[in-house]
Amino acid sequence: RGLIAQHPDEAFLYFNVACCESLAGQANEAVGHLRQAIERWDGFRELAAGDSDFDPIRGEPSFHALVEG
């Protein structure tokens with residue numbers, strides 16, 4: 001997360017952190033960082049929809065709402 005503080009406009013950093021948080025079962029944190037990634041580049045919405053790193057949280061309503069837009 002230090003890199004996010006140093007480079008707050010780099011969308012891929014938020015996306016990568018969200019992937020790690022999802023795999024760790026941290027759904028709220030993952031959705032929050034994914035939301036920030038999508039705010040910076042909408043293309044992450046589609047990537048997240050097909051990324052297996054998000055399988056652990058795919059059933060979360062907040063994830064579904066975010067990815068479906």
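Start by selecting Cys20 and showing its sulfur: the closest cysteine sulfur, in Cys19, is 6.7 Å away, too far for a bond. A disulfide here is a pair of cysteine sulfur atoms within 2.5 Å, and the structure holds zero of them. What you have open is a predicted model, where local features need pLDDT of at least 70 and side-chain atom pairs count only at pLDDT 80 or more, while totals for chains, interfaces and linings use all residues. Residues are numbered from 1 along each chain as its sequence is written, and side-chain values use heavy atoms, with hydrogens and water left out.

Is Cys20 buried or exposed? Cys20 is exposed, with a relative accessible area of 53%, whereas Cys19 counts as buried at 5%. (Buried means under 20% relative accessible area, exposed over 50%, partly exposed in between, using a 1.4 Å probe and protein chains only.)

Next, select residues 27–40. That's helix 3, with 14 residues. Helices are DSSP runs of H or I with at least four residues, numbered from the N terminus. From first C-alpha to last, helix 3 reaches 20 Å, close to the 20 Å expected at 1.5 Å a residue; the expected span is 1.5 Å times one less than the number of residues.

Which residues of helix 3 are buried? Color Ala27, Ala30, Val31, His33, Leu34, Ala37 and Ile38. They pack against helix 1 (2–6), helix 2 (11–23), helix 4 (43–50) and helix 5 (61–68), with contact meaning heavy atoms within 4.5 Å.

To see the contact, pick Leu34, Ala37 and Ile38 of helix 3 with Phe44, Arg45 and Ala48 of helix 4.

Last stop: helix 5. Its buried residues are Phe63, Leu66 and Val67. They cover an arc of only 95° around the axis, which puts them on the same side of helix 5; the arc is that of the directions from the helix axis to the C-beta atoms. Helix 3 and helix 4 are among what covers them.

Key:
Helix = DSSP H or I, 4+ residues; strand = E, 2+ residues; numbered from the N terminus.
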